[in-house]
Amino acid sequence: MGDGASEEHQRSLAAPLIFFIVLAFQFASHWIDHFKKSGSVNEKGIQLRGEIKQLLKEASSLSQPSTFAQAAKLRRLAAAKERELAKCQNLHDKDTALYSQVLLALKVLTYLILLIWFWSVPVASISQQLVQPFGRLLSWRTAGVQNNNILVGIIPWLIISTRVSRFICRLTHSK
């Protein structure tokens, strides 16, 4: 009797814990995407774009033959600033790519650990009446039904947790 109560207690903690792990990965992914998109609008990039625009404007105003050398110098300076801007953007892109790869590796490793840990052990139990047509799908790789409750397996729970966490992230980031 003590073993069954302990297993039920672990099951009641496993489902929310797995959900919060999936939610954390989802928020980290959205944060990296936001960081990736904001890279083109950072302060240094805005400053460099303004300087480039100002230099090109000054160079175009110098259209006399006597000011040709000065205009050429301003254009070369603007080209150097454009190279610096491109270098900053490439560095930002490499950083976000690295963050994305590290996050993906952590996510895959965590999901594999969860799959191995809960492969044939149910992570939650839900009333059979609540999930009537989908009971067999949710109980995949578990014992199925116990005390009129569907025992939810790890794979269906990861799928459901991922979908719900994506929805939550969209709701929080759209505001």
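Student: Which residues form a nonpolar patch on the surface?

Tutor: A patch joins residues with over 30% relative accessible area and no salt bridge, like charges within 9 Å and nonpolar side chains (Val, Leu, Ile, Met, Phe, Trp, Tyr) within 5 Å. A salt bridge is a side-chain nitrogen of Lys or Arg within 4 Å of a carboxyl oxygen of Asp or Glu. Here Leu 98, Val 102 and Leu 106 form a nonpolar patch, with about 260 Å² of accessible area together (Shrake-Rupley method, 1.4 Å probe, only the protein chains shown counting as cover for residues). The model is predicted: local features need pLDDT of at least 70, side-chain atom pairs count only at pLDDT 80 or more, and totals for chains, interfaces and linings use all residues. Residues are numbered from 1 along each chain as its sequence is written, and side-chain values use heavy atoms, without hydrogens and water.

Student: Is Leu 98 buried, partly exposed or exposed?

Tutor: Buried means under 20% relative accessible area, exposed over 50%, and partly exposed in between (1.4 Å probe, protein chains only). At 48%, Leu 98 is partly exposed.

Student: How many aromatic pairs are there?

Tutor: Rings of Phe, Tyr and Trp (its six-membered ring) pair if their centres lie within 6.5 Å; planes under 30 degrees apart are stacked, over 60 edge-to-face, and the rest tilted. The count is 3 aromatic pairs. One of them, Phe 19 with Phe 20, is edge-to-face, at 5.6 Å centre to centre and 65° between the planes. Phe 19 is buried at 17%, whereas Phe 20 is exposed at 51%.

Student: Why is the pair of Trp 117 and Phe 118 stacked?

Tutor: The planes of Trp 117 and Phe 118 lie at 20° with the ring centres 5.3 Å apart, so the pair is stacked. Trp 117 is exposed at 59%, while Phe 118 is buried at 12%.
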